[in-house]
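Please read the points below with the sequence and the model at hand.

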Amino acid sequence: MDAGPDSLSRFLLRGAPVRGEIVSLDAAWRTVVERHALPACVRNCLGELSAAALLLAASLKFDGMLVLQIHGDGPVALLVVECDAGGGFRATVKIREGAVVPEEARLTDLVNADGRGRFVVTLDPRTRSPSRQPYQGIVPFEGDSVAQVLEHYMGRSEQVPTRLWLAADDSRATGLLLQRLPEEGGRAAPSDADGWNRLCRLADTLRSPELLELPASQVLHRLFWQEPLHGFDQRACRFSCSCSRDKVASMLRLLGEAEVASILTERGSVAVRCEFCNLGYGFDAVDCAALFAGAEPHSAPGQSQ
Ligand SMILES: [Zn+2]
């Protein structure tokens, strides 16, 4: 199975039976890294969460946005990854003002220092209807890694045995997901009684450097070369931010004319920076007047990096 950079591949280990996915974020992940100056341990947790979000989105057969958030009580207040059904994702982190991030901090130290961390999963359908409403699941933070937190959540909500192996550094964010499938047709005796455990033990031999350095196809070969593995599809993944000048304009209108006027008086212009892609949106006095005159500004100045 040939899986290129910035892609997610799904496969089936038919004997067990187990379904799996492997994701490799390369240039797409570096786009996130370049736009946020983050301590290495925080950056790696965000990379693992990004890989996990794409794996989860691909396993849910859900058309809409999947948002994973870790609300932290430590130096990191929030880790958030949003992804769509088409492999687009964006990610950001909020570090508490003045917080000192220890160099080798573990996820627990970063977000669950006092045991008040929360993991939040939101599913927002692309088209809403009475039967398709946003769903939000909130669970206490349990586990010492992004993979463990997700496994705990999946065990509680989906009740499908699911395991994840994740790794990230400054140039890649990668992940492997295995999910146990029910036996076909309710057969009395499973075809491979120990299949799930055997495959998990194999994947447990995977070390982070291998996950980070080897192409996805080699990771799968290294782990499962003796298993009947069927690759069945592949999708591209990419960094994709949904911010726009129009959305910032709507946000400023919500803020209200008086508030915008007071920022203008204080700073001479209104500057809003997207927390996901770091793109800056500038509104001068003329642009701001246009916001509240019910018309868009004719020129579109002030898009600056
Ligand atoms: Zn943006």
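1. Overall make-up. The model is predicted. The secondary structure of the protein comprises 10 helices and 14 strands. The C-alpha trace spans about 75 × 45 × 35 Å along its principal axes.

2. The protein has 305 residues, and 48% of them are buried. Among the contacts with a separation of 6 or more, 63% are made by residues 24 or more positions apart.

3. The protein exposes about 15000 Å², of which carbon and sulfur atoms supply 51%.

4. The open sheet. In what order do the 6 strands of the open sheet follow one another? The order is E7-E6-E3-E4-E5-E11, and the pairing is mixed. At the edges stand strand E7 (135–140) and strand E11 (238–239), each of which pairs on one side only. As background, strands of a sheet pair through backbone hydrogen bonds, in either a parallel or an antiparallel manner.

5. Strand E3 and its two partners. Strand E3 covers residues 64–71, and strand E4 covers residues 76–84; the two pair in the antiparallel sense over 7 bridges. A hairpin of 4 residues joins E3 to E4. Within this pairing, Ile70 has Leu79 of E4 as its bridge partner, and His71 stands opposite Leu78 in E4. E3 also pairs with strand E6 (residues 118–125), again in the antiparallel sense, over 8 bridges. In E6, Asp124 is the bridge partner of Met65.

6. Why can E3 be called largely enclosed by the rest of the structure? Of its 8 residues, 6 are buried, so the rest of the structure largely encloses the strand.

7. Leu8. This residue belongs to strand E1 (residues 7–13). Is Leu8 buried or exposed? Leu8 has a relative accessible area of 1%; because buried means under 20%, Leu8 counts as buried. Setting aside neighbours within four places in sequence, the contacts of Leu8 include Glu21, Ile22 and Val23, then Leu54, Leu55 and Ala58, and also Asp233, Gln234, Arg235 and Cys237. By contrast, Val101 lies 93 residues from Leu8 along the chain, and their C-alpha atoms are separated by 32 Å.

8. The two sides of helix H9. Which residues of H9 (residues 257–267) are buried? They are Val260, Ile263 and Leu264. Seen down the axis of H9, these buried residues fall within an arc of 100 degrees, so they line one face of the helix. The face turned away from that buried side carries the exposed residues Ala258, Thr265 and Glu266.

Technical notes:
Residues are numbered from 1 along each chain as its sequence is written. This is a predicted model: local features need pLDDT of at least 70, side-chain atom pairs count only at pLDDT 80 or more; totals for chains, interfaces and linings use all residues. Side-chain values use heavy atoms; hydrogens and water are left out. Buried means under 20% relative accessible area, exposed over 50%, partly exposed in between (1.4 Å probe, protein chains only). Contact means heavy atoms within 4.5 Å. Accessible areas come from the Shrake-Rupley method with a 1.4 Å probe; for residues, only the protein chains shown count as cover. The arc is that of the directions from the helix axis to the C-beta atoms. Two strands pair if DSSP finds at least two bridges between them.
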